[in-house]
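Hi,

Here is the structure I promised to pass on.

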Amino acid sequence: MTHSHDLPPGLGPLTSLTHTHDGHTHTHVRSEVPVGPPQRLHLRGVVLPEGDERDLWLHDGVISFEPIADAITIVTEGWIMPGLVDAHCHVGLESHGAVSEERAEEHAITDREAGALLLRDAGSPLDTRFLQDREDLPKIVRAGRHIARPKRYSRNFAEEVEPDQLVDEVVTQAERGDGWVKIVGDWIDRDAGDLTPLWPTEVAKEAIEAAHEHGARVTAHCFDERSVAELVDAGIDGIEHGTGLDDDTIAAMAERQVSLVPTMVNLENFPKFAAAGEAKFPRYAAHIRALHARRFETIGKAVDAGVPVYAGTDAGGVHGHGLIASEIELLAQVGGNDFALGAASWNARRWLGHPGIEEGAPADIVVFAEDPRVNISVVREPTLIILNGRVVGGSAA
């Protein structure tokens, strides 16, 4: 399937980028971000999640519901949403470890071109604070660097410490991040030949409490059943992946509103992970395949129980960026279109402390030609992407 894209006229010089993924070939057309204050813009369409048709005016980079003089009308019909959110990605990280600052900027631009205007960076060996002052790049909520044990995680990704150093390292990363700390909850234990927890429960509990004292929430990479149960019991704030969730742990997460970012895109790679580990770790390979086989059932139970679930792609490391549409489509298979859109937009924004479409809020908006609540696949083709009141991308077929 091939799509061509244009932007509304008069919004700046255009450049294009063509790429293929998931059987679709796309030519994305960028609008270069102009120097100077944002233009005064007017949009009319159906605003989600409320579903009411209304007018928005954008000025000085923010949203207003009151008419603005001399505004340029760029949308007269369409579906208007708060900018998309990738709540688990790794800007500045690729399979070998940290990348250059220039490459990290490319990561952020690729996410922006997909409509992801707010990123929760769930661990990176590159200090990406230099990107946070850029009005032309997505807003980034950083978690510092992963924390793992020596030889118990991907090489060059994490700060590697022994359990007796975990508390101090959590405090260090809490001070480096933006209110989040990411720990690795489980990984292959070569002696056991399978996934096992990295941290004694009491040590994890102390580390989580230390993070809270320093104003940070803690989330953890968890594939395994035991690690996620122990960390939820220890008071953790979030779980990444969560393939090992059982009914009791799901109930505890729902009661405490512990967040879950399942990274459904990444879970699709479990058969590859199993095949890669089969020769040395057959027990691990069988375990990973079993977790994969029940992934939709597991995450669906969490959604049904009321666990707050958000969209994240796990971009960086082994994945490219710009996959938020694929994540939304997979989440729609779990909980329906409305659920998936909220998980990747207004609900995720509220969770991360960023507004949606509100008076005076930053004008971070995506516009679609069709109702994504009816046809979820349109999330692949935003007609307009607006960041801080400037048109930075989009497509008009």
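Phe296, Ile299, Gly300 and Val303 in helix α9 touch Leu330, Gln333 and Val334 in helix α10, where contact means heavy atoms within 4.5 Å. Sorted by type, the residues of this contact are five nonpolar, two polar and no charged. (Ala, Val, Leu, Ile, Met, Phe, Trp, Tyr, Cys and Pro count as nonpolar, Asp, Glu, Lys and Arg as charged, and the others, Gly among them, as polar.) The axes of α9 (residues 295–305) and α10 (residues 324–335) come within 9 Å and cross at roughly 70 degrees. That makes the two helices roughly perpendicular, a label for angles of 65 to 115 degrees. The axes are lines fitted to C-alpha atoms over the stretch in contact, with angles running from 0 to 180 degrees between N-to-C directions. Helices here are DSSP runs (H or I, at least four residues), strands too (E, at least two), numbered from the N terminus.

Before you go on: this is a predicted model, so local features need pLDDT of at least 70 and side-chain atom pairs pLDDT 80 or more, while totals for chains, interfaces and linings use all residues. Residues are numbered from 1 along each chain as its sequence is written, and side-chain values use heavy atoms, leaving out hydrogens and water.

Next, the aromatic rings. Rings of Phe, Tyr and Trp (its six-membered ring) pair if their centres lie within 6.5 Å; planes under 30 degrees apart are stacked, over 60 edge-to-face, and the rest tilted. The count comes to six aromatic pairs. Phe223 and Phe270 have ring centres 4.8 Å apart and planes at 70 degrees, so this pair is edge-to-face. Phe223 sits in the loop between β18 (217–222) and α4 (225–233) and Phe270 in helix α7 (residues 270–277), so the pair ties together parts 47 residues apart in sequence. Both Phe223 and Phe270 are buried (under 20% relative accessible area with a 1.4 Å probe, protein chains only; exposed is over 50%, partly exposed in between).

Tyr310 and Trp351 are a stacked pair, 4.1 Å centre to centre with 10 degrees between the planes. Tyr310 is buried at 9% relative accessibility, and Trp351 is buried at 13%. Elsewhere, ring pairs join Tyr153, Phe157 and Trp187 into a cluster.

Cheers

Definitions and conventions: Angles under 35 degrees count as roughly parallel, over 145 as roughly antiparallel, 65 to 115 as roughly perpendicular and the rest as oblique.
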